[in-house]
Structures are given as C-alpha cells and as structure tokens.
Amino acid sequence: MNAVLPPTLIDGKAAAARVLAEVGSEVLTLKASGIAPALAVVLVGQDPASQVYVRNKVLRAEECGIRSLEHKLPAETQEADLLALIHSLNADDSVHGILVQLPLPAHIDETRVLQAIDPLKDVDGFHAENVGGLSQGREVLTPCTPAGCLRLLQDTCGDLSGQHAVVIGRSNIVGKPMAALLLKAHCSVTVVHSRSTNLRELCRQADIVVAAVGRPRLVDADWLKPGAVVIDVGINRIEEDGRSKLVGDVDFDSALTRAAAITPVPGGVGPMTIAFLMKNTLAAARLQHPATGLPLSTVENPA
Ligand code: NAD
C-alpha cells in the first residue's frame, strides 16, 4: 500500500469475470463426474429492484453452465406455502442451491424462512449454522458480498495478515460477515456503526476501509489514512445535476486523493456479489457430493 503511486482502481467487473470463468470451468469438471449444479431462486412479490436482481442471477447462472429454476410467487403468498416450497427444494437432489430474494413481504417471517433452507444449500450463507460456522472460522457457505470484497482485497493487497481493517456497518448481510472474514484472514478488525463515536478518527487508523452503510458519500478523504485501500459496498441512488445516479458510501473523487486503491460504484463490489453467488452454488453442489473429492473453496483463505 503505497500512497506515492497513483491510486489503483479496483476493477470489480474484471475480477468478477475471472471468478465466473473459474466457476464455468469447474462446472464442466463437475458435470463430467455426473453432477449438474442447479440453483433455485425464489421471488415473492413484484418489487422491481428484486425482479432485476433475480433476472441477473438467473442470467449469470446460465452463462456459467449452472441450471437455474425460477419460482415466482405472488406477494400475498402465505408463509406456510413458501416454507412448503423450501422443504420440497431441500428434498430435491437435483437442486444444489436455494436463494430466497430479500426483502420478503412484511407478513412473512424472514428469519423463519432463511432457517428453513438446508444449510448445505444455503448459497446466501444466511442460515445460523453457516453464520456460526463462519465465526468459528470453519469452511462454510459464506455471504456473497463480503466474500467478493475479501477476494478484491486479496487480489489487490495479497496477504492481509496484520492489516488494520475498519468495517463501517454491522448488518448481518455485509458488515458482520465481512468482519468475520477479515479476522479469518488475520486482520485486526474494528467494526463501527451508527452508534459509534469518533468514526472518522477510527477510520483514519485503517489500512483497509470497508464501507457498508447506505449513506451516500459518507466517507471522504478526511476519513482516510494516506495509502488506505477502500472497498465501497454502498449502492445509493441520488438525484444530482438534474439526473438520477448511483453513488457509493465513499466520496470517490475525494477519496482518490488519499487512497492507494479503491472500488468504483458501480463496477466495484456489485459484480463480485453475483459472481460469488455462482461460486457458492458450485461449492454447495460439492458439499452435497463429497465423494467428488473436490475442495469447497468458497473463500481462499489460510486457516
Ligand atoms: P443496513 O441498512 O442493513 O446496515 C447499515 C449499517 O450501517 C448498520 O449497521 C448501521 O449501524 C450502519 N450505519 C448507518 N448509518 C451510519 C452512520 N451514519 N455512520 C456509521 N454507520 C452507520 O445495510 P446493508 O444491507 O449492510 O447495506 C449497506 C449498503 O451496501 C447499502 O447501500 C446497500 O445497498 C449496499 N449493498 C450492496 C451490495 C452489493 O452487492 N454491492 C450488497 C449488499 C448491500
């Protein structure tokens, strides 16, 4: 991490293309041993953003040679009916990964639904068994966004041992699993959140900053130590200069003046999330067929 060099733009699209190519070739190997990886994606309701996410996931799966099954249910679907579908997908040996697109309608208990997914098919890594396994440092299906962020960091910095990482945000989807992954990669980890004091000062001590907040351009150069590596998870839609645009949780132009490397929004973390969903589907297929002898390798990491 050298502040004297011009900042590196961490190209998430290119990194994701590499991950997807790896997955594609490993899918061929798996198919040669008689296993055709398949991902079931369940969407309840017609939320436009969720529909786009699901469509993209299905398209990516097909590009990698992973069979995808879409289950689109009406918004008024009862929880019992959704649980029945999950139980039937759990029991179906030809389905290796199950993803329930969030958020679910308010009348459905999200935790109960996520807990109903077989942990071996839980490609989002949200089941308590996988959350616990990650915090124990076991090799389990791991949430896709933080797994993608870790890969970007390892590609950019190499060995992360001893680096001080500050994670901004403590959500179950990003912040907490990110912190667990960075600990597993031997970083010293500080997690800051909406109730933290001295956010800026804590951030300024970081070699690595991961921002997962949902606040447009919260982090600027003043929050960064020269030479910090910045991963911007945030996706915020704002109106500016008379048009709608997507920005991150980091003020990109300002951060460029201090950071050694930074992800853009869009084109940074976003493409990695979907690439790691494919990687997790492959890993789930292997978990369910241990006789293949192939490693799980969701996240490359020393013990
Ligand atoms: P969340 O709302 O569940 O959690 C946000 C976290 O930020 C909370 O822990 C909260 O304590 C913290 N926070 C809020 N305001 C803060 C402040 N002023 N200072 C410090 N901390 C504060 O959100 P999330 O699901 O973790 O998502 C965070 C962002 O990442 C959102 O913009 C979301 O759209 C984006 N996201 C992107 C991807 C991707 O693939 N790129 C995936 C998931 C989420």
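Here are some questions and answers about this predicted model of a protein chain.

User: What is the mean pLDDT of the protein chain, and where does pLDDT stay under 50?

Analyst: Let's start with confidence: 95% of the residues reach a pLDDT of 70 or more. The mean for the protein chain is 94. The stretch where pLDDT stays under 50 is residues 298-303.

User: How many helices and strands does the chain have, and what is its radius of gyration?

Analyst: The chain has 10 helices and 11 strands. For 303 residues the globule rule gives 19 Å, and the chain comes close to that, so it is as compact as a globular protein of that length. Its radius of gyration is 19 Å.

User: Why is helix α7 said to be largely enclosed, and what do its buried residues pack against?

Analyst: Helix α7 covers residues 175-184, and eight of its 10 residues are buried, so the rest of the structure largely encloses it. Among those buried residues are M178, L181 and K184. They pack against α5, α6, β5, β6 and β7.

User: Is K121 buried or exposed, and which side chain of opposite charge is nearest?

Analyst: Look in the loop between α4 and α5, and you'll find K121. K121 is buried, yet it has no salt bridge. A salt bridge needs a distance within 4 Å, and the nearest side chain of opposite charge is 5.3 Å away. That side chain belongs to D93.

User: Which backbone oxygen does the side chain of K121 reach?

Analyst: K121 touches several residues from elsewhere in the sequence, including L89, H96, L141 and Q288. D92 is on that list too. At 2.8 Å, the side chain of K121 reaches the backbone oxygen of D92.

Conventions: Residues are numbered from 1 along each chain as its sequence is written. This is a predicted model: local features need pLDDT of at least 70, side-chain atom pairs count only at pLDDT 80 or more; totals for chains, interfaces and linings use all residues. Side-chain values use heavy atoms; hydrogens and water are left out. pLDDT is the predictor's confidence in each residue, from 0 to 100. Contact means heavy atoms within 4.5 Å. Helices (H or I, at least four residues) and strands (E, at least two) are DSSP runs, numbered from the N terminus. Buried means under 20% relative accessible area, exposed over 50%, partly exposed in between (1.4 Å probe, protein chains only). Lys and Arg count as positive and Asp and Glu as negative; His and the chain ends are not counted. A polar contact is a pair of N or O atoms within 3.5 Å; within protein, one must be able to donate a hydrogen and the other to accept it, and residues adjacent in sequence count only if both atoms are side-chain atoms. The radius of gyration is taken over C-alpha atoms; the globule rule is 2.2 Å times the number of residues to the power 0.38. Lists of a residue's contacts leave out its neighbours within four places in sequence.
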